[in-house]
Amino acid sequence: MSDTRIAFIGAGNMAASLIGGLLAQGLPASCITASNPDAAQRSALESDHGIQTFTSNLEAAQQADVIVLSVKPQVMKSVCEELSSALTGTQLIVSVAAGITCASLTQWLGERALVRCMPNTPALLRQGASGLYANEHVSSTQRDQAEQLLSAVGLTVWVEDEKQLDAVTAVSGSGPAYFFLMMEAMTQAGEALGLDRETSARLTLQTALGAAQMALNSEASPAELRRRVTSPGGTTEQAIKTFQEGGFEALVQQALSAAARRSAELAKELGK
């Protein structure tokens, strides 16, 4: 990636995070361009990262090897149709827009090397998890480029079936909100048990962070780690039993299935 020229079409928070991650990995600022209609966002990118920005998508994309489409899904069609006439056959197109399928992108851009990515919001802190799918026109070199691009903001995994991106959306794309809900509920429960809100929140958040770090750094599965801290007849066992008697696992399955279904529905709606 040391001499790969990358253009970001649409330069909001996710694009800014990717740009910062690429620069931290050693990609020169001179290799990165970005377009955005908002003058304040362009100015921030220039001052924070030293890259060149444009109001014109076409100007930003000129001579780029990789074009990252990071605009809102609702305007993706018009952006692609504008870009299509200016593209060559050698560029890699990377889309980070949720719900826009390769079929829709091909309809608007023509036959191209396309990689769809589903990042999540912790990517803004370079702690993200992204699912990637490549169409049949993507070369091994381009696949590596896409992986390096998204790994600048966290973990990357490839799926071989584009439909699996709906499952990625359900697990990691929407996943941070599930944990935020759990943190919210635990904080409220701690208050109900007599802790002040700040103390309950600090204990909850640090516990969530510590548990995630333990799971990431252990060779044991989460199920095994749970067993290790669940003493027979103890406090943890009572809490786990209460969760399970309330149908916790089944509810999680239902929730993720609902998210995956909605992801597939949005793809149909946005791809028209």
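The end C-alpha atoms of residues 5–99 lie 26 Å apart. The model is predicted. The UniProt record, an unreviewed entry, assigns residues 5–99 the feature "domain: Pyrroline-5-carboxylate reductase catalytic N-terminal".

A "binding site" feature (unreviewed entry) is placed by UniProt at Ile9, Gly10, Ala11, Gly12, Asn13 and Met14. Of these residues, Gly10, Ala11, Gly12, Asn13 and Met14 belong to the lining of the second largest pocket. Gly10 sits in the loop that runs between β1 (6–9) and α1.

The second largest pocket holds about 880 Å³ of space. Its lining comprises 33 residues. Ser70, Val71, Lys72, Pro73 and Val96 lie nearest the pocket centre. Helix α12 gives the most, with four residues. By class, the lining of the second largest pocket divides into 16 nonpolar, 15 polar and two charged residues.

Helix packing was examined for α4 and α5. Two packed helices are described by the angle between their axes and the distance between the axes. Helix α4 spans residues 76–84, and helix α5 spans residues 102–109. Their axes come within 8 Å. They cross at roughly 40°. Helix α4 is therefore oblique to α5. On the α4 side, the contact is made by Met76, Lys77, Cys80, Glu81 and Ser84. On the α5 side, Leu105, Trp108 and Leu109 take part. By class, this contact has five nonpolar residues, one polar residue and two charged residues.

Leaving aside residues up to four places away in sequence, Glu237 touches Thr230, Ser231 and Pro232. Arg226 is eleven residues from Glu237 along the chain. The C-alpha atoms of Glu237 and Arg226 are separated by 9.8 Å.

Terms used
Residues numbered from 1 in each chain as written. Predicted model: local features only at pLDDT ≥ 70, side-chain atom pairs only at ≥ 80, totals over all residues. Heavy atoms only, no water. UniProt positions renumbered as here; feature names shortened; annotations may be inferred. Helix = DSSP H or I, 4+ residues; strand = E, 2+ residues; numbered from the N terminus. Axes fitted to C-alpha atoms, helices over the stretch in contact; angles between N-to-C directions. Parallel < 35°, antiparallel > 145°, perpendicular 65-115°, else oblique. Contact = heavy atoms within 4.5 Å. Nonpolar A, V, L, I, M, F, W, Y, C, P; charged D, E, K, R; others polar. 1 Å grid on protein atoms, 1.4 Å probe; cavity = no way out; pocket = protein on both sides within 12 Å on 5 of 7 lines; lining within 4 Å. Points joined across faces, edges and corners; volume = space filled by probe spheres on them.
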